[in-house]
Amino acid sequence: MNADSILSSARCTSCDSPVNEQDQFCINCGFPLKGTDEAQNQFLSNKRYKQHELKELSRKTRNAQTTLFVLSGLFFVIGVIYYFFIGGQSDLAFVALVTNLILSAVFLALGGWSKNKPIAAIISGLVLYIIVQLISIVNDPVNIGKGIIVKIVVIGYLVKGLQSAMEVEKIKKEYNISDATIWKK
Amino acid sequence: MEEIIEMAERTCLNCGAKLAIEARFCSSCGLAQTISKTDESNWQRILIGLSFFFGLLTIICLVGNFSNNKGIDFLLLMDLLFMVITITGVGMSWNSIKPFLYWKSFKILKVIGYSVLSIILAIVVNVIINWLNKSMFGIETYYYEAFRHLRYAKLITILIIAVQPAIFEELAFRGVIQGGLSRIIEPQQTIYLTAFLFAILHMSFLSLFWLIPFAILLSYLRNKENTLWYGIIMHFFFNATACFLEFFRLDVL
């Protein structure tokens with residue numbers, strides 16, 4: 001650290017972090033400090049494009065998060081309805097109720113986890129959901145058809161959310177950001 | 001005490017210019033000094049491969065769990081399929097598994113320590129599960145019953161319930177799956193994810209309360225000690241303790 005940088009008020013145009021007078025590029029975001037107008041504009045428009053892309057991807061990831069919470073609610077509701085109204089409160093229906101409540105709790109936890117660690121949570125949710133469907137099919141092959149549209153929609157949202165979460169990670173690695181604050185501006 | 005001299009500077013990955021330690025981009029050439037290396041471009045392929053691998057294992061476990069055939073031949077067939085698929089997976093991801101088959105962090109004290117830990121955990125879990133089974137379902141299940149009629153029944157039980165899962169479940173989960181995931185996801189997420197996948201494949205809601213923490217421990221140790229061996233040993237002692245407790249309860253010790 002030389003005395004100049006402490007006194008200098010030079011800041012990066014792109015990310016507003018302090019920069020040394022003699023640097024060619026901002027060490028925080030890579031903006032070409034000494035580059036041509038063209039190079040700088042190119043960088044800024046690329047950055048705007050990436051910010052937009054990140055927003056889009058985050059939206060898709062949030063859809064997957066919501067799907068996990070929705071699944072939690074669905075399992076809860078289905079479990080309760082089945083037990084009280086269809087299964088006639090039999091022993092078998094009780095087992096189904098407990099199973100559905102546990103699944104509801106797990107998906108709730110996964111939804112919460114997905115705020116922090118979207119990739120792991122969405123993969124877990126996807127795997128768990130598919131296994132549950134497989135088991136119900138093994139129990140009674142008729143179950144494939146029941147609510148097939150809901151199942152496809154759920155899996156679709158989860159898969160899209162997973163792809164988006166991985167793309168977000170990829171962009172973060174590419175632009176070397178550990179969180180989105182590098183682009184506060 | 002060794003004096004650790006901190007590097008006050010780094011050099012750019014591309015042009016070799018000197019950089020401050022916190023620099024994310026090179027001040028001379030602008031190249032991103034990437035935080036960590038990942039196979040991002042390949043992640044779809046890796047994820048699909050892992051899904052396929054995990055899917056095959058899932059099918060085996062589903063069939064084994066829900067089939068009406070509980071005979072020992074059927075059990076062994078499922079085990080054999082599991083082993084075959086695991087070996088294939090190991091072969092296909094050999095490059096990421098090989099480093100973890102070494103045991104550079106071997107210390108006899110650690111072996112003893114982790115083994116004792118597993119034995120204690122196994123006793124605690126076994127007692128709880130047994131109590132839960134009896135009080136909630138009024139049943140007691142024993143693995144031993146499947147092998148009782150054989151010669152060397154206890155030895156075979158240990159081989160099939162302790163040795164085989166220790167080796168092959170570790171290879172499949174902490175080896176193939178965790179290894180593959182760590183190429184595309186950061187370490188902390190791979191630990192939790194691998195643990196979750198391992199836990200649900202056992203297809204037992206009741207056991208989730210210990211399966212998940214145990215799996216997290218094994219996955220964490222694989223990363224910390226950089227080897228699969230401690231996991232294998234712990235898994236073996238865990239399952240073997242459960243077997244011996246069964247023998248004790250059934251009075252066949």
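This is a predicted model: local features need pLDDT of at least 70, side-chain atom pairs count only at pLDDT 80 or more; totals for chains, interfaces and linings use all residues.
Reader: Let's start with Asn126(B). Which helix is that in?
Author: Asn126(B) sits in helix α4 of chain B, which covers residues 108–137.

Reader: Buried or exposed?
Author: Asn126(B) is buried, because its relative accessible area is 15%, under the 20% cut-off.

Reader: OK, and what does the side chain of Asn126(B) make a polar contact with?
Author: With the side chain of Arg249(B), at 2.9 Å.

Reader: Which residues is Asn126(B) in contact with, leaving aside neighbours within four places in sequence?
Author: Ala242(B), Leu245(B) and that Arg249(B) again.

Reader: Switching topic: how many residues does each chain put into the B–A contact?
Author: Chain B brings 33 residues and chain A brings 37.

Reader: And what area is buried between them?
Author: About 3,100 Å², with carbon and sulfur atoms giving 73% of that.

Reader: What about salt bridges, how many between chain B and chain A?
Author: One. Glu186(B) and Lys117(A) form a salt bridge through their side chains, 3.0 Å from N to O.

Reader: How many residue pairs are in polar contact there?
Author: Six between chain B and chain A, counting pairs with both residues at pLDDT 80 or more.

Reader: Which elements of chain B give two or more residues to the side touching chain A?
Author: Those are α1 (43–66) and α6 (187–201) of chain B. α6(B) gives the most, with seven residues.

Reader: Last one: how do the residues on that side of chain B divide up?
Author: On the side of chain B that touches chain A there are 20 nonpolar residues, 10 polar and three charged.

Notes:
Residues are numbered from 1 along each chain as its sequence is written. Chains are lettered from A and ligands numbered from 1 in the order in which they are written. Side-chain values use heavy atoms; hydrogens and water are left out. Helices (H or I, at least four residues) and strands (E, at least two) are DSSP runs, numbered from the N terminus. Buried means under 20% relative accessible area, exposed over 50%, partly exposed in between (1.4 Å probe, protein chains only). A polar contact is a pair of N or O atoms within 3.5 Å; within protein, one must be able to donate a hydrogen and the other to accept it, and residues adjacent in sequence count only if both atoms are side-chain atoms. Contact means heavy atoms within 4.5 Å. Buried area is the accessible area (1.4 Å probe) that two parts lose on being put together, summed over both. A salt bridge is a side-chain nitrogen of Lys or Arg within 4 Å of a carboxyl oxygen of Asp or Glu. Ala, Val, Leu, Ile, Met, Phe, Trp, Tyr, Cys and Pro count as nonpolar, Asp, Glu, Lys and Arg as charged, and the others, Gly among them, as polar.
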